[in-house]
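Notebook open, model loaded. I wanted to look up a few side-chain pairs and a couple of single positions, then step back to the whole chain.

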Amino acid sequence: MKLTRLFTFITLIAVLAACGGESSQQQSRTIEITGLDAMKFAVSGEAEGLSVADDLGSNSELVRLESITVQPGQEITIELITQSQLPKTAMAHNWVLLTMDADPAAFAKAAIQAKENEYIPQDLTDSIIAHTGLAGGGETVSVTFTAPETTGEYDYLCSFPAHFGAGMAGKLIVEESGS
């Protein structure tokens with residue numbers, strides 16, 4: 001009888017340890033993004049889970065961010081820093097993650113009319129998974145959220161007028177690790 005309990009206890013410990021290893025892969029993650037006057041999202045270099053494009057000319061320490069890959073249910077913090085000498089009313093950025101079925105072009109078009117709400121259209125809030133506030137030059141804003149459980153591609157964008165049209169957008173790719 002004691003041997004059976006000991007075996008059960010050891011098995012339980014082994015199962016809990018295995019589960020602990022799984023959750024360590026789901027650690028929270030912070031991604032620092034820079035919003036530029038060129039109306040692009042940029043990062044300081046290549047990193048695991050980030051897809052980047054060409055450098056941004058005179059700002060050679062930064063590269064344009066194209067996509068972010070995360071695991072389902074992973075806790076993510078986006079820190080958005082705006083680099084600009086322009087007044088906030090002329091140049092500000094936010095980061096808005098949309099649901100998989102949302103139309104980013106329609107969202108950006110509606111956002112133009114939502115100045116009083118930092119360019120977040122009230123009638124489309126059900127299309128938003130997470131968003132930051134607006135950041136003017138030298139300001140930092142952040143948002144922490146849990147990545148969707150459904151794998152696939154989710155659009156993110158800056159909803160400040162004309163920024164989406166200028167290419168200030170990308171994809172959050174949710175996929176199982178090792179996919």
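Started with Lys88, which comes out partly exposed, with a relative accessible area of 36%. This is a predicted model, so I keep that in mind for everything below. The side chain of Lys88 forms a salt bridge with that of Glu139, at 3.3 Å from N to O. I placed both ends: Lys88 sits in the loop between strand 5 (75–83) and strand 6 (96–98), while Glu139 sits in the loop between strand 7 (128–131) and strand 8 (140–146). The two are 51 residues apart in sequence, so the pair ties those parts together. Glu139 is partly exposed too, at 33% relative accessibility.

Next, the other bridges. How many salt bridges does the count come to? I get three.

Looked at Lys171 and Asp155: their side chains meet in a salt bridge at 2.8 Å, N to O. This pair links distant parts of the chain, with Lys171 in strand 10 (residues 169–174) and Asp155 in strand 9 (residues 152–157), 16 residues apart. Asp155 has 16%, and because the cut-off for buried is under 20%, Asp155 counts as buried.

Then Arg64 and Glu66, whose side chains meet in a salt bridge at 3.6 Å, N to O. Arg64 is partly exposed at 24% relative accessible area. Glu66 is also partly exposed, at 34%.

Pro104 lies in helix 2, which covers residues 104–111. Its relative accessible area is 15%, so I log Pro104 as buried.

Thr34 is buried, with a relative accessible area of 10%. Which residues does Thr34 touch, not counting those up to four places away in sequence? My list reads Lys40, Phe41, Ala42, Leu62, Leu80, Ile81 and Gln83.

Stepping back to the whole chain. I find two helices and ten strands in the protein. Reading from the N terminus, the order of elements is α-β-β-β-β-β-β-α-β-β-β-β.

Taking contacts between residues at least 6 apart in sequence, 66% join residues at least 24 apart. Lys88 and Glu139, 51 residues apart, were the pair I began with.

Conventions. Residues numbered from 1 in each chain as written. Predicted model: local features only at pLDDT ≥ 70, side-chain atom pairs only at ≥ 80, totals over all residues. Heavy atoms only, no water. Helix = DSSP H or I, 4+ residues; strand = E, 2+ residues; numbered from the N terminus. Contact = heavy atoms within 4.5 Å. Salt bridge = Lys/Arg side-chain N within 4 Å of Asp/Glu carboxyl O. Buried < 20%, exposed > 50% of the residue type's maximum accessible area, 1.4 Å probe, protein only.
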